[in-house]
Protein chains: 2
Amino acid sequence: MAMRMDPLTVEVVELIGSVVARYHEEYERAAAEHALTGAQARVLGLLSLEPVAMRKIARKLKCEPSNVTGIIDRLEARGLVERRPDPADRRVKLAAPTEEGRRMAAALRDSLDFAREPLAELSAEERTVLRDLLRRMLGQ
Amino acid sequence: MAMRMDPLTVEVVELIGSVVARYHEEYERAAAEHALTGAQARVLGLLSLEPVAMRKIARKLKCEPSNVTGIIDRLEARGLVERRPDPADRRVKLAAPTEEGRRMAAALRDSLDFAREPLAELSAEERTVLRDLLRRMLGQ
DNA sequence: CGAGTTACTTGACAATCTCAAATATCCAGG
DNA sequence: CCTGGATATTTGAGATTGTCAAGTAACTCG
């Protein structure tokens, strides 16, 4: 089982681990700045473009639908999200941002410095190279 | 506040988001394969090289020390970790892996496919380029 | 020695997550 | 139309992770 990895690959994996850690810290920090948890910020971002059914939120988050109920409950209690009926299917509830929710989502995006800071180090050419490598890694 | 980002940067940020999501899924899956939670797997990995003081674990995880107490409690209850006194400071408790804990940590590393699968797409030259770009991004 | 700091634990509480069960609705075949 | 099976959501129980405040033990330094 133990597939030996060459030092280069090991280093790349470790660097990716650092990027992941950094990304999470930034995300949590940005959420906390607005008195949100990471999960709440993620969900608010998800539905900021258009109303999304509970089921679909669960799929995106890769969790059980019953978990989404609680997260939407808390966002709704804070007036950031509201539940709407789906005209096409009365079983479905769509989670939609309120005006305040939309403002909050925009503010969250702005305070996510992860995008700016580390990438500012790279030139446009380097970003293109990075984009292509990441695309290939992700099999796109 | 709203700093407009060019399309290239936006795409790179989205790709990094995908890498982060993928990394987490893999990590949780690998942990679950061994009936561990993500946090337990992370801590076990941390102390698999050498015993680590509770305090230091908390710093690495960026959480409160009181949180680490519970995680180590559960790992200890499963016989994967034991608490040892620090000969140099009687206040300190060192969390050290048991034999079984060491085996578990090794098995976890082996089942972390994230390293292998996506990077297998890239040649050695490409990995070198990726490594250098990630290093610069992280300011190393 | 004594004051202040440090390390860890405990207890109370919130949020996130899973699973099983309940309710309401949809859909397809008869 | 009507019934059986699938789907969407919620509820409730319980585990885990996280915070904060308070408590205990041990270290450090003047």
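Modeller: Let us begin with a definition: a polar contact is a pair of N or O atoms within 3.5 Å; within protein, one must be able to donate a hydrogen and the other to accept it, and residues adjacent in sequence count only if both atoms are side-chain atoms. In this structure, an N or O atom in the side chain of R90(B) lies 2.8 Å from a phosphate oxygen of DNA strand D. This is a predicted model, in which local features need pLDDT of at least 70, side-chain atom pairs count only at pLDDT 80 or more, and totals for chains, interfaces and linings use all residues. Residues are numbered from 1 along each chain as its sequence is written, chains are lettered from A and ligands numbered from 1 in the order in which they are written, and side-chain values use heavy atoms, with hydrogens and water left out.

Colleague: Which polar side-chain atom lies 2.6 Å from a base nitrogen of DNA strand D?

Modeller: That atom belongs to S66(B). The side chain of N67(B) places a polar atom 2.8 Å from a sugar or linking oxygen of DNA strand D.

Colleague: Which residues come nearest to DNA strand D?

Modeller: A residue is near a strand if one of its heavy atoms lies within 4 Å of it. There are 22 residues around DNA strand D, and R55(A), R83(A), T37(B), S66(B) and R74(B) come nearest.

Colleague: Which element gives the most to the surface near DNA strand D?

Modeller: Elements are DSSP runs numbered from the N terminus: helices (H or I) have at least four residues and strands (E) at least two. The helix α4(B) gives the most, with four residues. For residue types, Ala, Val, Leu, Ile, Met, Phe, Trp, Tyr, Cys and Pro count as nonpolar, Asp, Glu, Lys and Arg as charged, and the others, Gly among them, as polar. The surface near DNA strand D has seven nonpolar, six polar and nine charged residues.

Colleague: How does the surface near DNA strand C divide into nonpolar, polar and charged residues?

Modeller: Near DNA strand C there are seven nonpolar, six polar and 10 charged residues. The largest share of this surface, four residues, comes from α4(A).

Colleague: In what order do the three strands of the open sheet in chain A stand?

Modeller: Two strands pair if DSSP finds at least two bridges between them. In chain A the order is β1-β3-β2, with antiparallel pairing. Both β1 (52-53) and β2 (81-86) of chain A are edge strands with a single partner, so one side of each has no neighbour in the sheet. Within the sheet, A53(A) stands opposite L94(A) of β3(A).

Colleague: Which rotation superposes chain A on chain B?

Modeller: Copies are superposed by least squares on the C-alpha atoms of residues with pLDDT of at least 70 in both. Here a rotation of 180° with 0.0 Å of shift along its axis superposes chain A on chain B, with an RMSD of 0.1 Å. The two copies are therefore related as by a two-fold rotation axis. In chain A, V20(A) has the C-alpha nearest the axis, 2.6 Å from it.
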